[in-house]
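I opened a model today and kept notes on what I looked up.

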Amino acid sequence: MSTENGNGMRVKMALRLFCFALVLVLVGSIGASLVQTSFGKVSVTDFKIPTGEGKWLTGTVFRPDSASEENKCPAVITCHGYLNNSEMQDINAIELSKRGIAVIAFDAYYHGGSSEAALPMMEDVQAEGIGMVPMVEYASTALDYVDTDRIGVLGHSMGGMAVWCTMMYYGGQYYQALEDASGEDSDGGTEITEAEFMEAEKLNKVQAGLPTRFIQFSTPEIFQTIHANVGINYARYDEGASALVNGNGDLSGDCPESLAAINSIMDEKEQVTSAEIGKYYGAVEDKTMRVLYNPSDIHPGLHFSKASASYTVDFFEKSFGMKNTIPSDKQTWFLKEMFNLIGMIGALMAIIPMAVLLLQVPVFAGLRG
């Protein structure tokens, strides 16, 4: 066989393989897009917004197409963990948005496409929830299709710490307003009027929060600054569970962190001594609901946990008073992961045949050996 014929066969094989790889990439990309948009029922838009002092935040908004200025929907602001980005929250964004909840998945300061912050990272977590507080303000003022009485916050790991700090930030404003309203110089004197109470409620822009990890924040002192429905999602086999008071990740029974969350809404005579997983304590309308989730996962496993996604859906649907039209265990997020895998395989397969084909172009011909 001549060298020319041999090269011709290689080119034909490379072309076939490249076309097959390209088909895989297209199938993966289109399939992933269809799942992410709930097959055209959710608009997915990237954003970059200024947050003052030369800072900015980037991320993605998942807007149900049913949401409008006349038909407002609840919203959840979600934050990823340390050294991740907003795409790591796709599991929650897909499952919540297809059920009629707008989702804002943002890149925290120092992560993804967002800027740095004016403060060192850990100080900024406490001051602005590493960007979560500005995102709550953005959702409540700039998005006319968001029901400002039904805004929730969600976060994994570092994002979970941001959830605690954000709830404390808005809860602190609420309680400070009530304290000011009880002063002798206030409109109602030492008695808090209905108008003063409503004004305090307006300052508390977060109705519900679901932090993952950092359950160490669950103390009586912290809950004195929170006025929101709170769920705690903690992996039973979390690698950091030794830092909890009992030294393990079991939130049931006499777990002090669990009891602190539940008893924060109880009168002294009603205090519980044993916590139940999945039981809803308190009342949604009073922002006193408490619930504990303890999936049998490790910490990073929650990114791909069907149980964790179900708990997230259940918590926010209950917090927002929504009817469960789609069962929480009926999930599609994993299909996007499968399509992403197909696309990645196609992209890797394309490398060698693409190189073979490029070597036939005159400008690269000199590279052949």
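The notes below go from the whole chain to single residues.

**Entry 1: the whole chain**

I noted at the start that this is a predicted model. The chain has 369 residues, and 48% of them count as buried. I looked up the secondary structure and found twelve helices and eight strands. I then took the span of the C-alpha trace along its principal axes, which is about 100 × 45 × 40 Å. The accessible surface comes to about 17,900 Å². Carbon and sulfur atoms hold 57% of that surface. For contacts with a separation of 6 or more, I found that 68% join residues 24 or more positions apart.

**Entry 2: the nonpolar cores**

Which residues have the most contacts inside the largest nonpolar core? I found Ile 77, Phe 106, Ile 130 and Met 167, in a core of 56 residues. Helix α5, residues 158–181, gives the most to this core, with eight residues. Another core lies apart from it and has 18 residues, including Val 76, Leu 96, Val 103 and Met 289. I wrote one general remark beside this: in soluble globular proteins, nonpolar side chains tend to be buried together.

Leaving out residues up to four places away in sequence, Met 167 touches Val 153, Val 206, Gly 209, Thr 225, Ile 226, Ala 228 and Val 230. Ile 130 sits in the loop between α3 (121–128) and α4 (132–142). Its relative accessible area is 0%, so Ile 130 counts as buried. I also noted that Ile 130 has a positive phi of about 50°, although it is not a glycine.

**Entry 3: another positive phi**

I looked up Ser 38 for its backbone angle. Its phi is near 50°, a positive value in a residue other than glycine. Ser 38 belongs to the loop between α1 (3–36) and β1 (42–52). With a relative accessible area of 10%, Ser 38 is buried.

Is Lys 336 buried or exposed? Its relative accessible area is 9%, so I put it down as buried. Lys 336 lies in helix α10. I listed what it touches, not counting residues up to four places away in sequence: Ala 32, Val 35, Gln 36, Asp 90 and Ile 94. With Gln 36 there is also a polar contact between side chains, at 2.3 Å.

Lys 55 is in strand β2, residues 55–64. It has a relative accessible area of 6%; the cut-off for buried is under 20%, so Lys 55 is buried. Beyond four places in sequence, its contacts are Ile 49, Pro 50, Tyr 109, Ser 115, Glu 116, Ala 117, Ala 118 and Glu 128. The side chains of Lys 55 and Glu 128 are joined by a polar contact of 3.0 Å.

**Entry 4: two loop residues**

Ser 86 is placed in the loop between β3 (73–79) and α2 (90–97). At 7% relative accessibility, Ser 86 counts as buried. Setting aside neighbours within four places, it is in contact with Gly 59, His 80, Ala 105, Phe 106 and Asp 107. Phe 106 was already in my notes as one of the residues with the most contacts inside the largest core.

Glu 239 is in the loop between β7 (229–233) and α8 (256–263). I recorded it as partly exposed, because its relative accessible area is 48%. Which residues does it contact, leaving aside neighbours within four places in sequence? I found Arg 213, Ile 298, His 299 and Pro 300. The side chain of Glu 239 reaches the backbone nitrogen of His 299 at 3.1 Å. Glu 239 and Pro 300 are 61 residues apart along the chain, and their C-alpha atoms are separated by 9.2 Å.

**Entry 5: a helix pair**

Two packed helices are described by the angle between their axes and the distance between the axes. I looked up both for α10 (residues 333–349) and α11 (residues 351–358): the axes come within 4 Å and cross at roughly 35°. On the α10 side, the contact is made by Ala 347, Leu 348 and Met 349. On the α11 side, Ile 351, Ile 352 and Pro 353 take part. I sorted the residues of this contact by type and got six nonpolar, no polar and no charged.

Conventions. Residues numbered from 1 in each chain as written. Predicted model: local features only at pLDDT ≥ 70, side-chain atom pairs only at ≥ 80, totals over all residues. Heavy atoms only, no water. Axes fitted to C-alpha atoms, helices over the stretch in contact; angles between N-to-C directions. Contact = heavy atoms within 4.5 Å. Nonpolar A, V, L, I, M, F, W, Y, C, P; charged D, E, K, R; others polar. Core = buried A, V, L, I, M, F, W, Y, C linked by side-chain atoms within 4.5 Å. Buried < 20%, exposed > 50% of the residue type's maximum accessible area, 1.4 Å probe, protein only. Polar contact = N/O pair within 3.5 Å; in protein donor to acceptor, adjacent residues only side chain to side chain. Areas by Shrake-Rupley, 256 points an atom, 1.4 Å probe, with all protein chains shown as cover.
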